[in-house]
Every structure is written in C-alpha cells, then in structure tokens.
There are 2 protein chains.
Amino acid sequence: MRATFMHGAGDVRVETVPDPVIQQPTDAIVRTVLACVCGSDLHPYRSMPAGGRPDPMGHELVGVVEEVGSAVRTLRKGDLVIAPFAFSDNTCVFCREGFQTSCVHGGFYGSPETGGLQAELARIPLADGSLVVVPDVTPESAGAGVLASLLTLSDVYLTGHHAAHTGQVEPGKVVTVIGDGAVGLSAVLTSRRLGAERIVLMGRHATRTDLGRRWGATDVVAERGAEGVARVMDLTDGEGSHVVIEAVGLRPAYEQAYGVVRPGGIVSRVGVPQYEEAPVGFGSLFGKNARLAGGPAPVRAYQEAAIAQVLAGEIDPGLVFDAELPLDAAAEGYRLMDAREALKVALRP
Amino acid sequence: MRATFMHGAGDVRVETVPDPVIQQPTDAIVRTVLACVCGSDLHPYRSMPAGGRPDPMGHELVGVVEEVGSAVRTLRKGDLVIAPFAFSDNTCVFCREGFQTSCVHGGFYGSPETGGLQAELARIPLADGSLVVVPDVTPESAGAGVLASLLTLSDVYLTGHHAAHTGQVEPGKVVTVIGDGAVGLSAVLTSRRLGAERIVLMGRHATRTDLGRRWGATDVVAERGAEGVARVMDLTDGEGSHVVIEAVGLRPAYEQAYGVVRPGGIVSRVGVPQYEEAPVGFGSLFGKNARLAGGPAPVRAYQEAAIAQVLAGEIDPGLVFDAELPLDAAAEGYRLMDAREALKVALRP
C-alpha cells in the first residue's frame, strides 16, 4: 500500500510499504476513504532532524472496515467508520470517566508499531473502542460535504469542541479564541452552539476569520501580543474574557491567553504546547484566580452526539477543508498548509 | 497604638505609632480583639532585605467597630466584625461574580496606606464591603474557642475552603492535600464536609497530621518528592487523585501536585506561589487533561455561611491555633511559627 512518512523537516514522502495485517484479535484493518493533514503535523514538518528513522504520519481518517480480528464484536466488514485520533479500549477507568486520551491500554498513531493514518490502509488497535460506526451511511451515499464533516470528528472539530466544553462556555459568557486555524474556528462553532454571548476571534487571515464570522465570531482581532491583549480588554470594557481558548500551542499564544482572561475565568488549551514551562504565578494565573484547562481532546467521548449533528445537517465543520489532494500528493498538502495557502488539506487514496 | 512591623528577615518589631483615623467617608476604625500570624507572613520573615522601609504586618482580624465614616451604612460602633484578608467594595462586577480578591476598588492590607492588622487599631477601607458583622455575639459572649474560629474566617480556614471549593471536591472523590499547615488542614476539614471519599494528607508533623486525621484525613503520607508521589499513586491503585490541593506555595509542592493528579483531575492551589514559571506542558498538566485552579481566596464570598457554621458549632477551625501571645510578643509568634514550634499563633492586644 501507499503510506506517508516524514523523513525530516520539509521532507514528506509517500512510499510503498507492506499492507498492514491483523496482529491482535482486537485489531481491525480499515481502508481509507478520506484522511488529512493536521496542524500538529506541521510541528515536525518545521523541526524534525533529518537522517533518523522516518515517522509514519497521520491520525485522522474516515474509512471502511476491511477485516476484523476474532475478538472484535461491534464492527463488520463494510462499515463506514471514524477513527478518533487516539486509540483506546473505551472501557478502562479513565475512558469511562471521559478521558479516552489517557486510556491505560491506548495510545497514539504514528509510531512504527501502529503506523499512521495518511495511508491507503490502517491497522487499528482495540478496534471496538477505537473506531466509531457511522450508522446507515456509505461513502457513496454520504456526499462529499458530509464525508468531510465526518472526517473532522477524528480530531479537529471535536478538539475545538473539547476546548469550549472544558472551558465551560455557556450562555452569557464572553469567549476569546486565539488562533484562526481549523481548531480555533471549530471552537468558535461550538462556542456559538453553547450559547456564548460574544466570541472574539484572534487571527489575521481574512479567509479564515470570514469562516469564523460565519460560524459565530462577533469580533475579530488581528493584533497579537500586548497590542492584541489591549484590543480584547478594550472590547470587554477592561474586564476580560470569561473563557479563553488557546488553539495554537506556542508560548506567545499562552501569554495572550492569561493576558485577556477575566478574574475567575478559564484558559482552555488545545494547541499541543510546544513548551513545557510557562507563567502560572501571581502575575499570570494565580493572582486573578484564573483556571487552566484542556489537553489532548478525548474526541471518542463526543462521537455519537457529533455524528448525529453532522448527519442531521446541524453542523458543517467540514468547511475547514479548502483543498483535497490525492494521497500521493501529501507532500504538497503539507507545503500548502505550512505556507498558509490552505487551511486544511484532505487526502484521498 | 501598638502595631507590628517587619524590618527585614527575622526582624519583627511592635512599635508605637499614631492611631489610625477615618480618611474616607467609607472607612471604619476597628479595635482588634484577636489577630494572628499567617503562614504567608513567613515568606518575608525568611527573605526580606534589611534596611528598607519597614512593612506593616497582618491581614487577619476579629474586632469591634470603634468609629465609622459618614458613608458607612451597615456597621455601628460596637459591632463584632471579621475582616477578610482583602478589602473590597463587594459591589463591583468581579465582587458580584464572587472574586472579591479582584475587586476593582479593593486591595490588600500591609501597605503604608492601609497598614497591617497585627495592631491595636485598624483603618478598614470600603468598610461596608470589607467587614462582616457577626450577629448577636460580643467578644465576651463568644468564648475563646468561637472567637478563634471566627478569626480563621479572615483567611486560613476559608482559604482551605476555597481550595476545596475550586477543586470541585464532591462525594466519591479522592483528594490529596499537600501541606500540613493551617490552610492544608482547613482544606481537609472542608473536603470532608463536601463528601470526599478519601483524603490523603501529605505532611510530616505528627501533631498537625493528627489534627488532619481528626478533621477527616484517611491517609497520611510523610514522604515528599518522587517518593511521596509514588506513595500516593500506590494508595490510589496507580490512578491518582481527582483533586489535589496545593497549600504550600513552593515549586516542589506544585511538582508533587501534577505528579499525583489523575487524568482529568484538578490541581487547586492556595499557597501563594513563590515562583512565576512552572511546568504546564504535555509532561505535566496538558497530557493528562489536568486542570489548574485556585488563587487568593475570595473569603468574603464565603463569610455568611461559615459564620453560621461556626456559631452553630458545626465546624471548629479555630483548633489550628495552638498558641496565643500578647500583641507585644508578635516577634516571638513569628519565631514559633518559623521554627514549626507552633502551627498558628494568635495575637491579643
């Protein structure tokens, strides 16, 4: 089969490798209908040292079940499925508490053992927990828009949703979303659905912030850093935001976040932090009783409700895709996203 | 009057200064019945450079109203009152949201303008918001135990209460409290009242942890650092604590906190952080969706309920006081607490 590998910064290659096979009775093999490139894939695209072991890439996929292991109970060949970006048994203590990204038996795609999902075929561990069936739909009947929206449930839309959910967005709240990438825009969409009174989107790319406005942003702030903080404080009469969603993962975004959060408010992070230490003391979070929340989104917890909303036409998160390429052109997909010529690129084998 | 000043590390003096007078029509003058030394007073006691301007000390007080400004509406001469450790108008937008420590007109005691509360008399700004009347009680009728418990509502008990409250302690939860000082013990008391199933107290001073057990600690862990983390993880079957209350304020305590918090759990800090930066990335908080909460306790928000509980004999937080000295012996009070010969020292003018 064809599969995507990162050999070093800027060096993405689609290569022919052996088809994956069932290794454990709980595995399934899925044939990819649609995969995509994630904003978090751009971190190694910008920084991975060359010359080491290539990394298999991709953790988002809509596909069709090709084969199941003998212990798999809930899936059948031909089912249309979504793969949440982390695999999990969905039965352990942390899964039952809704934190499937901390599953005691689970893990993340992209290791040599599990491979990546930017590939024609994928071996999915713990398939009963790790795959979610889209009921009564086939790739042919779904239509391109619905397929794209279902693909966002692998990660990007539900990561934005997680940010709003763990930020406790509710009616009457002022929400600031930092980052106009696909996750930030998804957080705008969920915040509006949760009833936010005002949604300030911090971003500077008009085509993206236009989608943000369509999804519910009431204000757009293009400034960054201290200037951006001052603008948001002005917009909120000097009070700050009840909820700040940080959908970037870089430290300047974190600093903006605690700068605009209101006393007693919540900073909810879903951009994978590219830093380990950051301010949390009296001058940043502690002094104003600001809370810090977020983490890798347990998207498995939100699947059933979100699938129903997509199929009912209530949400259209697939609009974040503004380019689709053949899988073999994955390198071009990375280039487009890295250059910000595309918001999010779908890959079709 | 006599009042307490810090001249430098280890150098506390009680000095004669002019009596405070009404400066604003919203001020009140209060005659101290009982004041005390706070764990946070020990930070400058250990680190304040000598030779600069002496700082007036103290932010906890039970007293009797001596005089009120012309705009004060809710207080009368002779009222027994508690002074929460921050003054606030209790009417601004943040006060109404329950974060009086972020009052837009408020502030903290111990500046040259407002003075400290380890003194015979105190000028209380914004007195209608900053003082809470204890109804139907006089210093004489209250009894020493009740007076001591009322004094803890200035800060220490309600700071522990805030930690448990913002940590969302509820029935069925495992709570770990880091620190066996008066705040940590108070957090144990509140956690038990909120229904925690299990309360692990991390501390190594038997007289303190004994009070912790009396108030509801089910386990005591004396080890610190990696050893302490391992012990708590063992006690929780490797799962960690739903809530971790950090009542120390030093970075090693913070590191213990994220080490023992369960995926999706909350680290609630009320020890004033003696650090600004700390780990918050994938390896500490983010990876397991752990939340960080806490800050200077808005104790004003909790006064009425707590006063009723003290007067009804439902709680006895005054047990944290194990020494009482005349105000003039304040320096000895600091020494006793710094040397851990006393848990908390009351000062009586």
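Author: Let's start with A:Glu277, which counts as partly exposed at 31% relative accessibility (buried means under 20% relative accessible area, exposed over 50%, partly exposed in between, with a 1.4 Å probe and protein chains only). This is a predicted model, where local features need pLDDT of at least 70, side-chain atom pairs count only at pLDDT 80 or more, and totals for chains, interfaces and linings use all residues. Residues are numbered from 1 along each chain as its sequence is written, chains are lettered from A and ligands numbered from 1 in the order written, and side-chain values use heavy atoms, leaving out hydrogens and water.

Reader: Nice. What does A:Glu277 form a salt bridge with?
Author: Its partner is B:Arg251, with the closest N and O atoms 2.6 Å apart. A salt bridge here is a side-chain nitrogen of Lys or Arg within 4 Å of a carboxyl oxygen of Asp or Glu.

Reader: And why does the pair join two chains?
Author: Because A:Glu277 lies in strand S16 of chain A and B:Arg251 in helix H10 of chain B. Helices (H or I, at least four residues) and strands (E, at least two) are DSSP runs, numbered from the N terminus.

Reader: Is B:Asp219 buried or exposed?
Author: B:Asp219 counts as buried, at 16% relative accessibility. B:Asp219 forms a salt bridge with B:Arg198, the closest N and O atoms being 3.0 Å apart. That pair links distant parts of the chain, 21 residues apart.
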